[in-house]
Amino acid sequence: MLIFVINVSKSEVFTTFVLIFPLLSLLGFLSISSISFGSEEYVFVQNWARNNNLHQISEIHDVLATKDFVFVPDYENHNVKKFTKNGTFILEWGEEGSNPGQFDTPHSMDVDSQGYVYVSDMNNKRIQKFDSNGSFIFEWGIPGEGAGEFLHPHGVAIASNNDVYVADTEISDIQKFNKDGQFIKKWGSEGSGRGQFGWMENIDLDSKDNLYVADIPNDRIQKFTNDGDFILEWGSRGDKNGEFEGPSGVAIDSSDNVYVIDDTGRIQKFTDNGTFITSWGSDGTDDGQFSKAEGLDVDPEGNVYVADTANKRIQVFSPSSAAISVDE
């Protein structure tokens, strides 16, 4: 496989593609790994877990990438799978049920500073805490709309002091707990105003513990302090830079850059104040394309892991110049 690296403007890339791609395609040479436009580019590395017959993942809504491992809450198989960073299966835990350590459609997860993982067990309306090998620690949450209660817990995010944030998409609120599951506060309601939400899939925190919420029907990202005070928002309906069509996944890297994926199959990268940096991806099933992807995460090295929901796979990208991969 040959890798050709290009570092030109979007218009130059488009003109070149129009001229040479039909010829390369007819000759059977062309395979695009990824193309990004903006001040930075990302290259497709691999996809995995889709074709693993023994440990195949089903519909997935989130992915958690830590320094050493990748965790996948497997929504339809009612378990959590643990992989190496290159996609080698390590272990899984859980089965369908409501007992401790069992799940009914696990949706999202995050890790605290001590390596414990927290899983939003959606239809059991609770949060479960485990060690990194799946040993059950404790749980909290009961059905309801009050403090410490859930109807549809989706996104979960852990602060630097191990406080736990949970987005309940049916109640349209964010709840904050300490590491032992004790309720601290909640905020939010249904609507389109500041501090209001529509349907929420995922949330994340930056290094200052500011919280970012992907607000799907309002086509925006909202940013809050760790106590729920509104800071800013960005986004509107559309397919231009800084616009969204149903943003579902949001992730923050170690430099506080913000990554957002929406229903168009496009990932956009922003600064922490919403300034556009770059984008890549489109709707489809090829490498570098996505279908209804709802979650993503960034590891400490800056690699981006995408829960490609309808394609039932994880895709991995690394920062680089825009690249075209051509098979020999």
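Biologist: What makes the region of about 800 Å³ a pocket?

Modeller: In this predicted model, the largest pocket has a volume of about 800 Å³. On a 1 Å grid over the protein atoms alone, a pocket is an open set of points with protein on both sides within 12 Å along at least five of seven lines. Its volume is the space filled by probe spheres set on points joined across faces, edges and corners.

Biologist: Which residues line the largest pocket, and which strand gives the most?

Modeller: The lining has 37 residues, with Ala 65, Asp 110, Val 111, Ile 158 and Asp 204 nearest the centre of the pocket; a lining residue has an atom within 4 Å of a point. Strand S21 gives the most, four residues.

Biologist: What makes the pairing of Asp 262 with Thr 264 a polar contact?

Modeller: Their side chains are joined at 2.5 Å. The definition asks for N or O atoms within 3.5 Å, one able to donate a hydrogen and the other to accept it, so this pair qualifies.

Biologist: How do you know which values to count?

Modeller: Local features need pLDDT of at least 70 and side-chain atom pairs 80 or more, whereas totals for chains, interfaces and linings use all residues. Side-chain values use heavy atoms, without hydrogens and water, and residues are numbered from 1 along each chain.

Notes
1 Å grid on protein atoms, 1.4 Å probe; cavity = no way out; pocket = protein on both sides within 12 Å on 5 of 7 lines; lining within 4 Å. Helix = DSSP H or I, 4+ residues; strand = E, 2+ residues; numbered from the N terminus.
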